[in-house]
Amino acid sequence: MKYDYDVIILGSGPAGFSCAMQSSKFDKKALIVEANEQDFGGNWINTGTVPSKALRETARIIQRFKKQFSELEHEKTYKRHQMADLHFYKQQIQESKIRKVETDFDKNEVDTIRGHGKLKSDHEVVITTHEGEEKTLSAEFILISTGSRPVQPKEFHIDHDKVLDWNSVLKLNHIPHQLVIIGGGVNAVEYATTFSNLGCRVSLLNPRDNFLPFLDHEIKEEFKSILKKEKVEVLTSVYDIDVQENSLRNTTEVKYKLNNDHEEGRTHVLETEHVLFLSGKIPNTDTIGLSKAGVETDEKNYIVVDDNYKTNVDNIYAAGDVIGYPALASASFSEGRLASCRMFGIDALDVPPEIPFAIYSIPEISNIGLTEEDANEMGLNVTVGRAYYRNITQGHISNQDDGMLKLVFSTETLKILGIHIIGERASDLIHLGQAVMSLGGDIRYFINHVLNYPTYSEAYRTAALNGINRVYKAGVKYKKILKHQNKED
Ligand SMILES: Cc1cc2nc3c(=O)[nH]c(=O)nc-3n(C[C@H](O)[C@H](O)[C@H](O)COP(=O)(O)OP(=O)(O)OC[C@H]3O[C@@H](n4cnc5c(N)ncnc54)[C@H](O)[C@@H]3O)c2cc1C
């Protein structure tokens, strides 16, 4: 049967974008259907990854300047800096990314069409344009990469003025004096430190009974003490949250209860200028005609796929936020590319199970592999090596001395099992360790190789030496450590 396209892709976020680019490299005819009337790029460029990180970068620049040149220390950021300037910085980055996506599509002869795409059958998509016109196109393969949207609270209303979500926070026209963030996940923590570094008083109301549970305990403690220094108030086990306008006092009131309160059931009230609700996301799978093609979803409406990103329908694939965990731009790029490889029968390596995670708080946090607690629970014989930014020359030079790098490695083989970093450049720094780890290297790599100096990478060398010292102190002779290496090499 002759189709209009080799592949039709619903959505131009990282999953859709990378599938289109990869397919075009295989000389396949690809069509991107994008519901957003103006811009390609989805949450990746328009509302999530890129703008939130660009805004964070402005806060980081201001924070560094304030820390370095303390004349500003006593002056509130919101008095000195205009939100419009911060938006301008962010906007320029977004515009250049969108232009780049457009040129990449053009150069690689990927066709695009604006409108809401919906499955009509397993090989057909009906596209409704913003003018209401309908067009049906067919393809041998279809990729669903329609992303996700913010969860809406049941108890109160997001008015996008006083009460914001991840979309409307990007339209704030001033730096607020106070902000209450509801949510305890990565985005909540990122926005908390962005705004606190802009001089805003931030309270984080976390409905869960734990805080970033996947972090190594030492990294978490370090982060908590940084948040305390930054005067970010973190409350966990918060429930019965309600948000109301108090027009008499011209303020927004957040009422809540605490599970671990010594006065059980007591209602607390916080007055704030704005509320930012960041409590998760839901996949955009409800209006795309999945049932027409018989595509299966799970109980949370995520599309069920196999290891090849294939749904239960042979020629329909799905990638990115619509398939759930890890629901990151980083992973979506790989998933979209791999889906294309699998459609067209090109051999490609799977995404390794160990992927790095980053929290773009100020400072950053990044990790890969096992935490010390995980390893202990698994009964592994591990040793840790630590390096503190205050002892790293680059930390001094950049005046960024909050932070640490921790290596978790096998005491017997010295192989790296986990890396945990908090501090400046953590999300970049993790990749050096990731490469050594995935190539089966051990901590001696950082001692035996010359690393540029001064750099934050020095933390790897210091942590490796610290780790080897621990192995040595535990009774293994240095000579043996080296001998072991010679034997292996
Ligand atoms: C505040 C925030 C910060 C984040 N920070 C990071 C980060 O630092 N690092 C990271 O890796 N990830 C981050 N993420 C997550 C990341 O943005 C998403 O995981 C990623 O964008 C998902 O990619 P996707 O391709 O699945 O979907 P999206 O990027 O959401 O793109 C989906 C596209 O599909 C379109 N669409 C929807 N329905 C249809 C339809 N019916 N027809 C046609 N088109 C349709 C949408 O308009 C959209 O353009 C962040 C997310 C948020 C909200």
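Predicted model: local features only at pLDDT ≥ 70, side-chain atom pairs only at ≥ 80, totals over all residues.

**Stop 1: the ligand.** Select the ligand and bring up the residues around it. The shell has 36 residues, and G11, G13, G42, G147 and G320 are the ones that come nearest. Now colour by secondary structure: the elements giving two or more residues to this shell are α1 (14-25), β2 (30-34), α2 (42-47), α3 (49-68), β4 (116-119) and α9 (329-343).

**Stop 2: helix α6.** Next, select residues 186-197, which make up α6. How far apart are its end C-alpha atoms? They sit 17 Å apart; at 1.5 Å a residue, 12 residues should span 16 Å, so the two values agree.

Is this helix mostly covered or mostly open? Covered: 11 of the 12 residues in α6 are buried. Among them are V189, Y191 and F195, along with E190 and N197. Show the surroundings and you'll see what the buried residues of α6 pack against: α3, β9 (178-182), β10 (201-205), β15 (274-277) and β18 (357-359).

**Stop 3: α3 against α6.** The crossing of α3 past α6 is left-handed. To see the contact itself, show S52, L55, R56, A59, R60, I62 and Q63 on α3, then E190, T194 and N197 on α6. By class, that contact has 3 nonpolar, 4 polar and 3 charged residues.

**Stop 4: two cis peptides.** Zoom to Y325 and P326: the bond between them is cis, with omega near 5°. P326 lies in the loop between β17 (316-318) and α9. Then jump to I362 and P363, also joined by a cis peptide bond, with omega about 0°. Here the loop is the one between β18 and β19 (365-369).

**Stop 5: positive phi without glycine.** Pick L212, whose phi is near 40°, in the loop between β10 and α7 (217-229). L212 counts as buried because 20 C-beta neighbours lie inside 10 Å. Finish at N301, with phi near 70°, in the loop between α8 (290-293) and β17. N301 has 15 other C-beta atoms within 10 Å, so this residue is partly exposed.

Conventions. Residues numbered from 1 in each chain as written. Near = placed C-beta within 6 Å. Helix = DSSP H or I, 4+ residues; strand = E, 2+ residues; numbered from the N terminus. Expected span 1.5 Å × (residues − 1). Contact = placed C-beta atoms within 7 Å. Left-handed = near helix turned anticlockwise from the far one by under 90°. Nonpolar A, V, L, I, M, F, W, Y, C, P; charged D, E, K, R; others polar.
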